[in-house]
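Student: Please pick one part of this model and go through it closely. I would like to know what lies on either side of it, and then a few details from elsewhere in the chain.

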Amino acid sequence: MARKAIGRLGGSAAGNAPELPLGQTAKPPNRLTAQVLDERLRGTRFVSLTPKRVLNPPSTTGMEYWSLNPYVGCEFGCSYCYARYTHRYVVERAHDAGKLTDAEFADYRGAHGWEAFEKRIFVKEQLVGALDVDLKRVPLGQTIVIGTATDPYQPAERKFRLTRAVLQRLVRCEGLSFGIITKSPLIARDCDLLVRLQERNDLQIHVSLITADAAVARKLEARSPAPHARLRALRKLVDAGVNAGLIIAPVLPGITDDVAQLDTLFAAARRAGARFIHAGALRLYPAIRDRFLPVLSEHFADLVPKYERAYKGHGYAPRDYAKALSRRIEKLRRKHGFRNQGAMFERYRPAKMPVQGELNLRGSLP
Ligand code: SF4
C-alpha cells in the first residue's frame, strides 16, 4: 500500500522520498527546423506547421468572407504578390518563441526579407482536424475563399495534397458559398470533388491570369504555369460542369492594361468557356514594393517614376485610373458576351491589409 503511494508520487520503489523537480531543465521549444518534410534540388524547403485554426474569420482579416490557405509561402514567386508578409509573421513568431536560432531566422527570412516566401514553404499538416472544429463557427450562407494569401495548388500540393484533403471535408457541407483562387492547372485534378461541392453549395473557381503573353508573364511571375496551361485547365473545369472563370488581378498599369492585351485575354477566356471575368488594378502595399519595384526597374524602367508618383503614400491605384480601368473592362465584357458580376469581385476585395490570424506553430506559441 505504502509502496503504491510512493510510486504514484514518483519516488523509488526502495522507499526514498519522491524526487522534486528542482534543477530539472525546462523542455526546450520544438525546433521549427526539425519539422522539415522535404527539400528540392534548387533549395526550396518544406516545413511542417500544425495549426490550431485554419479558417480566418472576417473579423480578423477585414474581408467579407472566411479564408483558408493550406500553405504559407508560394513557390510561384510572383513579383507583385502581396502575401509575403504572412510568411514573415510566421518566421518572426517562431524566432520570438525560440523555435528558430538567429542563424535559422536569417535563413528563413532571406537577405531582403522576401526571398524565403518562395523557398521556405510551411505546410499546414493535419489541417482537416482544425477545419472540422472551425466549420462549426461558420454560419449558413457565408463564404469561404481558399487561396487568398497563397496558391492552394502550388507545386507542393502534388505531394502534400492538403487542398484535396480540405475539399474532401468540404463536400460534406451544404448551404455555404465557396471560392477558390489559383494559377495552377493542378486544380483540374480535383474536378470530381469540385462537382460534388457545388451540388449543395455555391462555388466559383477563379483561374488567375494577368496576361496571355507568356513572355510578359515570365518577367513578372518567376515560376507560375504558362498562360496556355491555365486556360486549358479552365476549359477542363467548365467541361466538367464546374462554375469557373478568369480573374485578372492585378492589372498592371502600362504593362498589361492596354486594350489589345486585355482583348486577347478576354477572347482566350471566352474560347476556354469562362463563365465570368473579374479584374482589379495593382495594389502596391509597402510589403510588395521591395520585390516588385526592382523587377519593374529591370524590365520596364521607364515606368518606375510613373508608378512612384501614382502610388505615392498609398497602396491603391489612383481613383481616376481605377475608374477608367473599370470602364475598359466593362466594354470588353460586353464585347465578349460576359455578364457584369462586379459585386462578386468586390466580395473578394480585401477591405484592409489582411492579417494572418489562423497560424499557430507546432508547440506552444501564445
Ligand atoms: S501564385 Fe498567388 S500566392 Fe503565389 S506568389 Fe503568385 S500571387 Fe502570390
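Tutor: The protein has 16 helices and eleven strands. Helices (H or I, at least four residues) and strands (E, at least two) are taken as DSSP runs, numbered from the N terminus. The model is predicted: local features need pLDDT of at least 70, side-chain atom pairs count only at pLDDT 80 or more, and totals for chains, interfaces and linings use all residues. Residue numbers start from 1 along each chain as its sequence is written.

The part to look at is strand β7, residues 143–146. Thr143 and Val145 on one side are buried, and so are Ile144 and Ile146 on the other, which leaves both faces of the strand covered. A residue counts as buried if 20 or more other C-beta atoms lie within 10 Å of its own, as exposed if 12 or fewer do, and as partly exposed in between; the C-beta atoms are placed from the backbone.

Strand β7 has pairing partners, where pairing requires at least two DSSP bridges between the strands. Strand β4 (residues 66–68) runs parallel to β7 and is joined to it by three bridges. Strand β8 (residues 177–182) also pairs with β7 in the parallel sense, over four bridges.

For the protein as a whole, 40% of the 366 residues are buried. Of the contacts between residues at least 6 apart in sequence, 80% join residues at least 24 apart; a contact here means that two C-beta atoms, placed from the backbone, lie within 7 Å.

Now the details from elsewhere. Gln126 sits in the loop between β6 (120–124) and α6 (127–135). Its phi is near 55°, a positive value in a residue other than glycine. Gln126 is partly exposed because 15 other C-beta atoms lie within 10 Å. Arg161, in the loop between α7 (156–160) and α8 (162–170), is also a non-glycine residue with positive phi, near 55°. Arg161 has 15 C-beta neighbours inside 10 Å and therefore counts as partly exposed.

Finally, Glu92 belongs to helix α3 (residues 84–96). Its C-alpha atom is 7.6 Å from that of Phe105, 13 residues away along the chain. Glu92 counts as partly exposed because it has 14 C-beta neighbours inside 10 Å.
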